[in-house]
Amino acid sequence: MRLLQALLVLSPFLSIVKSENEGCPRPVLTPHVEALGLQLLSPPGTEAHLTCAPGYTTQSGVGVIICSVRGTWGRTEFVCQPKMCPAIDTPPNAEMHFEDNLYQSRVNFTCNEGYNLHGASSVVCQENAEWSASSPECKVVTCGPPPIPDNARIVYDIWRAPGGKAKFGVRGTYKCVPPMALIGNPRAECTSSGTWTVAPMCQMVTCPSPEPIDHGHMSSPTMSNYKDTIKYGCTGDYILSGNPFVQCLETGQWSPKPACGAPCSVDIDRGRILYNGRRLWIKELNPNKVFHNENVSFYCMNAAGRCGYAVSSQCINGTLSIPDCFEVPTRFKYITGNGLPSEITQC
Ligand SMILES: *[C@@H]1O[C@H](CO)[C@@H](O)[C@H](O)[C@H]1NC(C)=O
Ligand SMILES: *[C@@H]1O[C@H](CO)[C@@H](O)[C@H](O)[C@H]1NC(C)=O
Ligand SMILES: *[C@@H]1O[C@H](CO)[C@@H](O)[C@H](O)[C@H]1NC(C)=O
């Protein structure tokens, strides 16, 4: 009122600039700030009340600007910021995906493998600084009773109350009533889809009568059912090669048989050999026989005739090859021993 009176008194003077100062145009406002009830042109002295847009709030600044006689609005530091929703704790067995917890932000929830989401999978921070819904729950997936094939049972990895629902991740192993064989995957698991893995089958398995091996013998089996075992051995000077135990497998076949290897004779007339760590003249090998898989070394002369060296050969199932470099010494050399590769300096 007082301002108005002053304006009236001064009106003759002001009239010169009056046309330029008819009032203030709509103020340019910073984002999310709103001014209520303003006309296109506000007369000097008008008070504009600033507020924040819904979802925004101010912490600083005076919310009033006044239109001055010069036709400009007063300055203010009035700033509006998005409201903040309370922090959310990650629900058990869930993951949260979000950027922040400000107005209009979204939080997405996903459950870990083997858990199902109950409730809202996504919430939004609202105008009132509250979330649009409460956090969801991730409930563990359960499986019904596992399939149990005939003549089978399950042994769980950890103790489980019988009859209780199995949770995702529960594991066990199928066992067949002996002597039945388990055909398929012996492991059982409650999967994340709430179903059990495919169960195996229990079947009666018999193997044919076991076959004998040459130069060998075997324990006489009473039955030839799954998992029955027989033991093989060799007769006389024959040596067994392979696993002596043979088992009836779930395929109805026996596991691979071992074999018997024949002994060898060392077929040189004269010379020295290295056998079982001993240097022997061939006459001293009595009887002249080495066993399957055993090694015998023969002495050879180096090219310049300066030194001798031993070359090893292995008896394999009755065959012992003499190294090419071996030379049968003359009778005379053999008797005197002079200059034999086994008797001179070794290379
Ligand atoms: C939340 O999910 C929506 C819809 O799937 C997607 O557009 C948005 O990017 C997700 N937000 C985050 C933070 O992961
Ligand atoms: C040795 O040879 C015989 C005849 O060929 C064979 O039956 C046997 O399996 C062989 N033994 C070994 C250990 O290889
Ligand atoms: C004979 O030599 C071979 C090859 O050097 C070796 O693998 C094998 O074990 C030896 N046999 C014996 C009975 O020592």
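In the predicted model, four strands form an open sheet in the order E26-E25-E27-E28. Pairing within this sheet is antiparallel. From one strand to the next, the twist averages 35 degrees.

The pairing of E25 with E26 can be described by residue. Strand E25 spans residues 272–275. It is joined to E26 by 4 bridges, and the two strands run antiparallel. Within this pairing, Leu274 has Arg279 of E26 as its bridge partner.

The surroundings of ligand 3 were examined next. Asn293, Glu294, Asn295 and Gln314 surround this ligand. By class, the shell holds 3 polar residues and 1 charged residue. No nonpolar residue takes part in the shell around ligand 3.

Two cis peptide bonds are described here. The bond from Pro178 to Pro179 is cis, with omega near 0 degrees. Pro179 lies in a loop, with strand E16 (171–176) on one side and strand E17 (181–183) on the other. A cis peptide bond also joins Asn286 and Pro287, where omega is about 0 degrees.

His32 is a residue other than glycine, yet its phi is positive, near 70 degrees. The residue is found in the loop between strand E1 (24–25) and strand E2 (33–35). Around His32, 18 other C-beta atoms lie within 10 Å. A buried residue would need 20 or more, and an exposed one 12 or fewer. His32 therefore counts as partly exposed.

Ala129 is not a glycine either, and its phi is positive at about 65 degrees. Its place is in the loop between strand E11 (122–124) and strand E12 (137–140). The count for Ala129 is 16 other C-beta atoms within 10 Å, so Ala129 is partly exposed.

Notes. Residues are numbered from 1 along each chain as its sequence is written. Chains are lettered from A and ligands numbered from 1 in the order in which they are written. This is a predicted model: local features need pLDDT of at least 70, side-chain atom pairs count only at pLDDT 80 or more; totals for chains, interfaces and linings use all residues. Two strands pair if DSSP finds at least two bridges between them. Axes are lines fitted to C-alpha atoms, for helices over the stretch in contact, and angles run from 0 to 180 degrees between N-to-C directions. A residue is near a molecule or strand if its C-beta atom, placed from the backbone, lies within 6 Å of it. Ala, Val, Leu, Ile, Met, Phe, Trp, Tyr, Cys and Pro count as nonpolar, Asp, Glu, Lys and Arg as charged, and the others, Gly among them, as polar.
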